[in-house]
Amino acid sequence: MTTADTSQPTSSLQFFPITMFATTMGLSGLAIATHRLEDMLAGYGSLIFHGLAYGTLVIYLAILATYTLKSLKYPQAVLKDWSHPIKISFFPAATISLLLLGAVYHPINESLSFTLWATGCLFQFFLSLAIINSWIDHSRYEVVHSTPAWFIPVVGNIIVPVVGVSHGPIELSWFFFAWGLLFWGILLTLIFNRLMFHAALADKLLPTLFILLAPPSIGFVSYVKLVGGLDTMGQLIYYWAVFFFLLMLSRILRLVRLKFSMASWAFTFPLAAFTTATHLMGELTGQILFHYAAQGLYIATFIVIGFLFIRTIIALIKCEVCTPE
């Protein structure tokens, strides 16, 4: 009798999910929104912002160290994640988190901000190319594998100009922005085709629908940074974000009833990005309605992220996160 399979030791480390990096995307987005809306926090804005900035960096380093350890001890588990048609899209969440942390630390420490941003740019470039090549030279992808999570690898490039205009040549920011914008259009068409004409998303993946809100939201912020103001194209991008927000709002009752999973963090960064975009729209237009909307969105974002953070801690304590699927 062969007992080789049953005698293999198992560890929760080998099941540590790549989707954990979505937490630092959401927390970074909240930190950026907090910095923009410090005035509404009655003198506590700076304290909350700095707490989020330092806390998010510590959490990011902890997740990175854990996943690095997983790659050293269980390389086959990492290769399995990379070969998965949906999980592969979450690898660039690690580099996008660096880009966002670069934006978070820009008002705190410009040198650290540049280091985070430049490192994020470098790895985002190569990861995006690798994933696009995997889409082209594939043997495993089917239409049902396409989800809004596919935006993460390439549309994440739109984030580069948020602080890239301060850290590097403007043409570099335009390059990443153009790349991300191109694939936003391509993937948006593919994903709506999948949603309309093929099997419905599994309940576990339904939170990823909120990712539809992210590209136009953060794209608006980047575009304004690139052109230095609000123009017709900027208005179009912002109101595309408004449309996707209203679309998600119309589905909110179904989404909030879903069972918690790490995919639930897909709500966070898009909501934080839309909050920041709305506040910026208020600054650019001078219309008070946008300021009130941004304040309401910030409160909602803070509550959602706070709840998910506590729920994630509980899930980690109960060993509900690092489990085989």
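Me: Which handedness does the crossing of α11 and α13 have?

Reply: First, some ground rules. This is a predicted model, where local features need pLDDT of at least 70, side-chain atom pairs count only at pLDDT 80 or more, and totals for chains, interfaces and linings use all residues. Residues are numbered from 1 along each chain as its sequence is written, and side-chain values use heavy atoms, leaving out hydrogens and water. Helices are DSSP runs (H or I, at least four residues), numbered from the N terminus, and strands are E runs of at least two. A crossing is left-handed if the near helix is turned anticlockwise from the far one by less than a right angle, and right-handed if clockwise. Here, α11 and α13 cross in the left-handed sense.

Me: At what angle do α11 and α13 pack?

Reply: In general, two packed helices are described by the angle between their axes and the distance between the axes. Axes are lines fitted to C-alpha atoms, for helices over the stretch in contact, and angles run from 0 to 180 degrees between N-to-C directions. Helix α11 (residues 232-249) meets helix α13 (residues 268-285) at about 135°, axes 11 Å apart. That makes the pair oblique (under 35 degrees is roughly parallel, over 145 roughly antiparallel, 65 to 115 roughly perpendicular, the rest oblique).

Me: Which residues of α11 and α13 make the contact?

Reply: Contact means heavy atoms within 4.5 Å. On α11 you'll find Q235, Y238, Y239, A241, V242 and F245, and on α13 there are L271, F274, A277, T278 and M281. They split into 9 nonpolar, 2 polar and no charged (Ala, Val, Leu, Ile, Met, Phe, Trp, Tyr, Cys and Pro are nonpolar, Asp, Glu, Lys and Arg charged, the others, Gly among them, polar).

Me: And how do the axes of α10 and α13 cross?

Reply: Helix α10 (residues 214-227) and α13 cross at roughly 40°, their axes coming within 8 Å. That makes α10 oblique to α13. The α10 and α13 crossing is left-handed. Its contact includes F220 and V224 of α10 and F269 and L284 of α13. By class, the α10 contact with α13 has 13 nonpolar, 2 polar and no charged residues.

Me: How many disulfides are there?

Reply: A disulfide is a pair of cysteine sulfur atoms within 2.5 Å. The count here is 0. Take C322: the nearest cysteine sulfur, that of C319, is 7.8 Å away.

Me: Is C322 buried or exposed?

Reply: Buried means under 20% relative accessible area, exposed over 50%, partly exposed in between (1.4 Å probe, protein chains only). C322 counts as buried at 19%, and C121 is buried at 6%.
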